[in-house]
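Open the model in your viewer and follow the stops below in order. Each stop says what to select and what is there.

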Amino acid sequence: MAYKIVASQCTACGACEFECPNAAISTKRGTYVISPTLCTECESHFPAPQCAAVCPVADTCIPA
Amino acid sequence: MAQIISIESLTAPVSAEAMRAALESGGCESSSCGSSDGPADMAPVVWAKVKDHPCYSEEAHHYFARMHVAVAPACNIQCNYCNRKYDCANESRPGVVSEKLTPDQAMRKVVTVANEVPQLSVLGIAGPGDACYDWKKTQATFEAVSAQIPDIKLCLSTNGLALPDHVDEIARMNIDHVTITINMVDPEIGVGIYPWIFYQHRRWIGLEASKILHERQMLGLEMLAERNILVKVNSVMIPGINDQHLVEVNKVVKAKGAFLHNIMPLISDPAHGTHFGLTGQRGPRAMELKALQDQLSDGTKLMRHCRQCRADAVGLLGEDRGQEFTMDQLPEVAEYDPSRRAAYREVVAEERGEHVAKKAEAAETVAASEADEKVLVAIATKGGGRINQHFGHATEFQVYEVSFAGIAFIGHRKVEQYCEGGWGEDATLDGVIAALEGVQVVLCAKVGDCPKDSLAVAGIEASHEHAYDWIEAGIAAWYAAAHPAAQRLTA
């Protein structure tokens with residue numbers, strides 16, 4: 001149970017990185033990636049995955 | 001007023017605390033002070049804040065340059081005129097940027113620019129996302145730069161949603177200028193502009209989103225005004241959506257203490273991939289923008305010299321030298337050398353003294369005219385307050401309105417550069433003529449016979465008789481010659 005980032009659509013704005021409650025998001029070669037081991041889809045933190053809620057590009061932070 | 005623009009006052013360190021103390025002791029109602037005003041029109045403490053800021057003082061924009069560093073890419077709202085994926089180095093508009101910088105890279109860039117562009121007076125963070133939402137990077141950048149260049153003015157621009165959370169830090173860091181983009185004071189209108197916002201860990205849409213945004217914008221504006229931080233309000237004029245509503249926005253932001261209101265035309269093109277671009281929402285024409293600005297001219301003073309610059313722009317407002325300072329061109333270690341900026345400021349102090357005197361003379365010349373005709377005059381200028389650019393090299397013209405009541409800067413018109421490498425092409429002159437709608441005469445440093453004739457056919461006079469003169473002096477001389485009554489009276 002984790003989210004992933006569609007690298008081709010990512011603008012690398014970094015909003016997801018500081019909204020993530022699990023510090024699961026980091027940069028890798030100019031784009032952001034989500035660690036599947038750290039991601040909890042924000043369960044027990046927030047009602048909705050924060051990366052998807054803040055991402056400016058539709059369908060870019062999606063279930064892996 | 002001469003002592004206010006002495007060299008000493010230009011170079012003396014002025015603490016924000018001292019300004020705030022003086023402001024609190026009365027004097028200026030900040031909302032009544034304006035962008036096009038000079039030292040005679042506002043309290044010294046406010047003039048001190050704006051006199052070197054090209055975006056807050058129309059007079060300063062002839063002399064001083066700003067730079068934006070794109071350290072804050074994250075944003076917490078979506079606007080229908082913005083597409084975050086878009087990036088083009090040839091495109092000059094807000095939110096667009098070629099290179100995102102870390103705070104450390106930004107510091108090196110600012111120091112390099114300060115060493116090479118002596119006009120630099122202001123460092124702004126305008127995204128490409130939101131400077132208050134991406135606060136840690138904004139803060140780190142300002143702190144690093146201030147440590148190296150203590151006299152640089154700091155400013156930031158924000159959509160306002162995260163602003164109330166950082167007002168105290170903004171005050172503490174001596175950020176004296178904050179721009180809030182406020183496109184509506186009625187959330188119903190906001191629905192057509194903002195599809196969503198991200199606030200308190202969730203995405204809000206529709207009316208709720210606009211309500212929250214509106215409340216946060218008003219709160220942020222009030223908090224800044226209470227602390228005597230100068231607030232500029234930017235509004236994007238979107239025909240059919242908020243154009244008439246901006247009259248109400250103007251009233252509200254003025255009442256809440258905004259220093260300046262800047263109405264910007266919507267930039268909309270399908271190629272930008274924005275919602276408005278794709279749905280065919282058009283931007284206003286230059287004369288529509290002017291009509292709205294004229295309607296508001298009794299409200300909070302309007303900024304009319306905005307160039308809607310990129311989030312990584314460098315240089316005087318009319319030019320962008322960002323391409324000269326990309327990361328690959330910066331030195332590994334940049335050390336600040338204050339000598340060039342200091343020397344430039346001495347020169348500017350002298351020039352400004354002369355400019356003020358020439359402006360007053362020009363006002364007398366046109367006042368002596370019996371003609372009550374209002375005329376729009378376009379100026380080709382490279383800066384410094386003078387008519388000093390070749391007609392064919394101008395990428396924009398500064399437009400002034402002149403009548404016996406005075407000479408007022410009212411805006412600028414962007415044009416495609418039609419003359420590249422020494423010859424003109426008639427095809428693009430049509431674009432220049434269209435951009436000069438309503439203008440009666442163009443004053444420039446040089447104009448060829450061919451474009452001059454084409455302009456004449458379109459009813460626009462072009463003249464280089466006043467080349468290298470002060471803008472206002474050139475306009476007054478032309479106006480006096482065009483209205484012989486004025487000439488007779490001043491002779």
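**Stop 1: a helix pair**

Select helix 12 and helix 15 of chain B: helix 12 passes helix 15 in a left-handed crossing. Bear in mind that this is a predicted model. Helix 12 covers residues 339-367 and helix 15 covers residues 471-482; their axes come within 8 Å and cross at roughly 15°. Angles under 35 degrees count as roughly parallel, and the two helices of chain B are therefore roughly parallel to each other.

Now show side chains. Helix 12 of chain B contributes K358(B), K359(B), E361(B), A362(B), T365(B) and V366(B) to the contact. From helix 15 of chain B come E472(B), A473(B), I475(B), A476(B), Y479(B) and A480(B). By class, this contact has seven nonpolar, one polar and four charged residues.

**Stop 2: the sheet of chain B**

Select the seven strands in the order 9-8-5-4-3-1-10 of chain B; they form an open sheet with mixed pairing. Strand 9 (260-265) and strand 10 (314-315) are at the edges with a single partner strand each, so one side of each has no neighbour in the sheet.

Next, pick strand 1 (residues 65-68) and strand 3 (residues 120-125) of chain B, which pair in the parallel sense over four bridges. M67(B) has L123(B), in strand 3 of chain B, as its bridge partner.

**Stop 3: between the chains**

Finally, select the contact of chain A with chain B, which takes 13 residues from each chain. On the side of chain A, helix 2 (residues 50-54) gives the most, with three residues.

Notes
Residues are numbered from 1 along each chain as its sequence is written. Chains are lettered from A and ligands numbered from 1 in the order in which they are written. This is a predicted model: local features need pLDDT of at least 70, side-chain atom pairs count only at pLDDT 80 or more; totals for chains, interfaces and linings use all residues. Axes are lines fitted to C-alpha atoms, for helices over the stretch in contact, and angles run from 0 to 180 degrees between N-to-C directions. Angles under 35 degrees count as roughly parallel, over 145 as roughly antiparallel, 65 to 115 as roughly perpendicular and the rest as oblique. A crossing is left-handed if the near helix is turned anticlockwise from the far one by less than a right angle, and right-handed if clockwise. Two residues are in contact if their C-beta atoms, placed from the backbone, lie within 7 Å. Ala, Val, Leu, Ile, Met, Phe, Trp, Tyr, Cys and Pro count as nonpolar, Asp, Glu, Lys and Arg as charged, and the others, Gly among them, as polar. Two strands pair if DSSP finds at least two bridges between them.
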